[in-house]
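Colleague: Please show me the model, and then let us go through some of the computed geometry.

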Amino acid sequence: MKTDDFKKTWQSRVDGNIQNYSNEELNRMIVKSARKSMKAIQPNLMIRGVVGMMVAILVWLMVTDHYSAAIGVMYVVSLLMLLGTYFFVEQKAYKLNKYNSGVPVKEWLRQRVEKVKKSRDDLIKYDFLKYGSALLSAYVFYSIFQVLRNVRFNWLSVIIFIALFVYILILRHCQMRNNNKTLDRLTELYKQLEEEE
């Protein structure tokens with residue numbers, strides 16, 4: 001059986017099933033499908049757990065550790081940067097998922113495709129700047145913390161830097177892969193809507 005025959009058979013079954021749904025139900029299904037596709041580029045349970053753990057550790061250190069004012073400032077700055085970045089990412093995900101019932105689903109989906117495409121293009125365009133500055137700032141914070149704690153140079157610092165570098169490379173690869181997959185799924189969904197008209 002040819003691929004076209006599979007497509008025709010599948011389409012006829014889909015057409016037969018779709019006729020049972022109202023436009024409102026179909027719109028809800030499309031929005032749900034799009035949101036499911038976009039989950040890959042949004043904070044998941046693991047990210048939320050890591051952020052929660054880091055916040056708990058920083059707060060615990062601030063409360064229980066006897067430290068100088070400079071180290072206290074480092075804790076507060078670290079906590080504010082972590083929370084600020086996390087809330088920025090959550091707000092971006094919320095806006096991406098938000099559906100206004102006054103906007104046609106096709107238009108809403110087109111806007112999602114454009115936003116995800118722009119996000120992916122920005123990720124490519126500002127790749128070095130984004131990940132390089134993240135790596136550099138993490139290492140600078142760690143180095144300042146080591147100096148303030150009077151810890152001499154050790155190989156642990158070098159290992160942490162290498163581990164951060166590898167982690168950022170893995171993170172970059174996963175983000176690009178997830179962005180591409182999400183964009184492909186949303187584009188395919190949008191094309192299916194266009195074909196229906």
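Colleague: Is tryptophan 108 buried or exposed?
Modeller: This is a predicted model, in which local features need pLDDT of at least 70, side-chain atom pairs count only at pLDDT 80 or more, and totals for chains, interfaces and linings use all residues. Residues are numbered from 1 along each chain as its sequence is written, and side-chain values use heavy atoms, without hydrogens and water. Buried means under 20% relative accessible area, exposed over 50%, and partly exposed in between (1.4 Å probe, protein chains only). Tryptophan 108 has 2% relative accessibility, so the residue counts as buried.

Colleague: How do the rings of tyrosine 99 and tryptophan 108 pair?
Modeller: The structure holds 2 aromatic pairs. Rings of Phe, Tyr and Trp (its six-membered ring) pair if their centres lie within 6.5 Å; planes under 30 degrees apart are stacked, over 60 edge-to-face, and the rest tilted. For tyrosine 99 and tryptophan 108 the centres are 5.5 Å apart and the planes stand at 85 degrees, so the pair is edge-to-face.

Colleague: How does tyrosine 99 count by relative accessibility?
Modeller: Its relative accessibility is 24%. Tyrosine 99 therefore counts as partly exposed.

Colleague: Within what arc do the buried residues of α6 fall?
Modeller: Helices are DSSP runs (H or I, at least four residues), numbered from the N terminus. The buried residues of α6 are Asp127, Tyr131, Leu135, Tyr142 and Gln146. The arc is taken from the directions from the helix axis to the C-beta atoms. These residues line one face of α6, because they fall within an arc of 45 degrees.

Terms used: Helices (H or I, at least four residues) and strands (E, at least two) are DSSP runs, numbered from the N terminus.
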